[in-house]
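I record what I looked up, entry by entry.

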Amino acid sequence: MTTLTVYSEQDAGTPLATYTAFADIRDQLATIGVEFERWEASQPLSPTATPDEVMAAYRESIDVLNRKYGFESVDVVAMHPAHPDAATARGKFLAEHTHADFETRFFVDGSGAFYIRSNGKVYLTVCTKGDLINLPADTTHWFDMGPKPDFKAIRFFRIKDGWVGNFTGDKIADRFPKFGEPG
């Protein structure tokens with residue numbers, strides 16, 4: 001289930017608020033400039049669908065977003081619990097970073113968590129199948145796919161290089177609950 005939990009960046013133990021209704025999540029994220037939408041994600045995909053199969057299944061949605069934003073590059077990030085690079089990939093995205101370009105992700109299967117730091121708060125947004133999230137350029141955040149990742153997301157970029165993270169060096173992510181782990 002898609003959820004938004006808001007914390008003070010100083011206190012990761014006690015949430016300030018939790019939202020589960022789409023409109024509430026969308027409206028809360030809009031206050032920090034993050035666009036959040038629900039898209040149709042009903043194309044059948046196998047658990048091990050290749051990036052080409054995902055792109056083919058969602059070509060119409062990809063084309064709509066490309067026309068709207070002028071993306072130069074589109075790819076698919078997909079992880080399943082038995083993926084040999086799951087732990088390495090999780091570690092890469094767990095460090096707080098920004099991007100010079102805005103970051104758009106369309107979750108077509110599974111779930112993952114964006115932690116967005118803004119105005120002294122951390123917005124823990126668990127995205128699930130059908131969620132489209134668009135973080136503005138230079139938004140401070142990190143992403144957690146969990147210890148047993150299981151998701152497929154289409155990533156959109158306006159730069160040909162694709163994903164380029166500018167790491168802040170701040171260890172804030174270490175203080176917050178990890179996605180998919182108890183406590």
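Entry 1, terms. I count two strands as paired if DSSP finds at least two bridges between them. The model I consulted is predicted.

Entry 2, partners of β8. I looked up the pairing of β3 and β8 and found it antiparallel, over 4 bridges. Within this pairing, I noted D131 of β8 as the bridge partner of R38. I then turned to strand β6, residues 103–118, and found that it also pairs with β8 in the antiparallel sense, over 4 bridges. Here I noted that L135 in β8 has E103 opposite.

Is strand β8 enclosed or open, and why? I found that 5 of the 5 residues of the strand, 131–135, are buried, so the rest of the structure largely encloses β8. I also checked the directions of the side chains: D131, I133 and L135 point one way, L132 and N134 point the other way, and all are buried.

I located P47 in the loop that runs between β3 (35–38) and α2 (51–57). Is P47 buried or exposed? I classed P47 as exposed because its relative accessibility is 64%, and the cut-off for that class is over 50%.

Terms used. Residues are numbered from 1 along each chain as its sequence is written. This is a predicted model: local features need pLDDT of at least 70, side-chain atom pairs count only at pLDDT 80 or more; totals for chains, interfaces and linings use all residues. Side-chain values use heavy atoms; hydrogens and water are left out. Buried means under 20% relative accessible area, exposed over 50%, partly exposed in between (1.4 Å probe, protein chains only).
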